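Please keep the sequence and the structure in view while reading.

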Amino acid sequence: HTALPDLPPATFTSDQPVVDAVFRLGMHSAVFTAQEQFIDTPTREKGPWLFDGFNESRTAMAAVGEQNLTRKSLLEFAQSQGRYWPNGAINKIYPTGLGALDINEFTEIYPEWVWQYWLHTGDTGLLAAVYGVLVRLAGYVLHAVSPTTGLVTSLPATNVYYDFPVVTRLNVLGVNVFQRVADVAAALGRPTAEVALQRRRRDRLAAAVNRLLTRPDGTFVDGLAADGTPEMTASQTANACAAAYGVVPTRRLAAVAALVASSGMEAPPNTAAEVLRALDVAGRHADLVVLLTDATGDGWANIVARGATFTWEVWNPSDANGDSMSHGWGSNVLVEIERALLGVRPTGPGFATFAVTPPTGGLGRAAGTVPTPRGTVSVSWVRNAGGGPFQLDVEVPPNSVAEVTVPAGRPQDVTEGGRPIDRAAGVRRIAVADGATRIEIGSGAYRFQSRSPG
């Protein structure tokens, strides 16, 4: 594997040994697909594919603090646009001697990759270097928006995965393209008009998706046929994508999450992390843990149960089909465990700010560490049975600010180091929302307890 930062790698332990094993599976898979670039697989095809790199890079950053290889990959994929794609697309694999080849879904994930890199590193220089690429990419999506329906229709690509022109997943990712280009413009201090333009595009496309691609029960169909009639199947993949990228209105989130939770694991490994993210967004952490620990159905626990140490290209690989059993794009389950179950997620560039939000259920305890450019974030929480106190230990590295969420509807029910939180050192702000107390803290070590069992 590539040279890695001299930092302690991420750790995770809980009262569910299978979840811990899945975390280690993700770690191993990401490290050994990080070589001269993020590769497809170390045992077969070693090309740097865009979607593989997106998943593997996010895991490598979260697991071992990697950032140099990610920066290199983002710049190389940006170069592919200038070499091959005046329409604003990105090559599906680059560098390569294969020429101009793209997949529309891969192109649409590139802005999210840029954004996740920026959240991890705070590297504004990279944002500036690829901003023009992102603007052209947004134009690529906009050009495919039908003036009749307002939906992304027949988004061009040399490799097409779908046999109908309006695909819900491609529209949701299109919404996110406009969102992330607006976010990057704002982070760079670009003119307000540039930011507003992308946000208007985002809002119009999101409105069309929610108006035209939904069933009466509030879930999303997979798309529209050429004659405009809905493809009435409502797949887990389409619905999880909509929830994961924030396109689902709050009033419909419960219905969408219920469909996602009831479907087992239908999504393939490359998009399966979106299923976990959708359950996290909806607060269905018990369902998330059930999915992570199911050793009989498709998923990471089944890979572990079958004796593997590396994530696979598909859930049930076939030698006859040439499926890889060392495929890193399933590794980013580690990222979702870190964010949903340990509860740590960056909210500002380079972890200048981050959130610590323990899950609402599924686990009784968890502990772990997260490498960041500012130092190691350490979190341990215990949800005691029998009505005992909830306890949360947090270490915030220098020059970072954390917003910690404790399950207590009243601030007076929370202590830090045995003291009321309004008299605790390092506490900057206290607020109550959604039945929980949110506490802003600076660098240092803290122990919070609440009378609520969580």
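Helix α8, which spans residues 236–244, is mostly covered, since eight of its nine residues are buried, where buried means under 20% relative accessible area, exposed means over 50% and partly exposed lies in between, with a 1.4 Å probe and protein chains only. Helices (H or I, at least four residues) and strands (E, at least two) are DSSP runs, numbered from the N terminus. The buried residues of α8 are Gln236, Ala238, Asn239, Ala240, Cys241, Ala242, Ala243 and Ala244, and they pack against α6 (168–187), α9 (253–261) and α10 (272–281). Just after α8, Gly246 has a positive phi of about 70 degrees.

## How the model is read

This is a predicted model, in which local features need pLDDT of at least 70 and side-chain atom pairs count only at pLDDT 80 or more, while totals for chains, interfaces and linings use all residues. Residues are numbered from 1 along each chain as its sequence is written, and side-chain values use heavy atoms, with hydrogens and water left out.

## Glu416 in a strand

Glu416 belongs to strand β11, residues 414–416, and it is buried, with a relative accessible area of 6%. Its side chain reaches the backbone nitrogen of Arg447 at 3.0 Å. Leaving aside residues up to four places away in sequence, Glu416 touches Ile421, Ala424, Ala425, Ala445, Tyr446, Arg447 and Phe448, a contact being heavy atoms within 4.5 Å.

## Ser146 in a loop

Ser146 sits in the loop between α5 (124–143) and β2 (166–167), and Ser146 is buried, with a relative accessible area of 16%.

Terms used
Polar contact = N/O pair within 3.5 Å; in protein donor to acceptor, adjacent residues only side chain to side chain.
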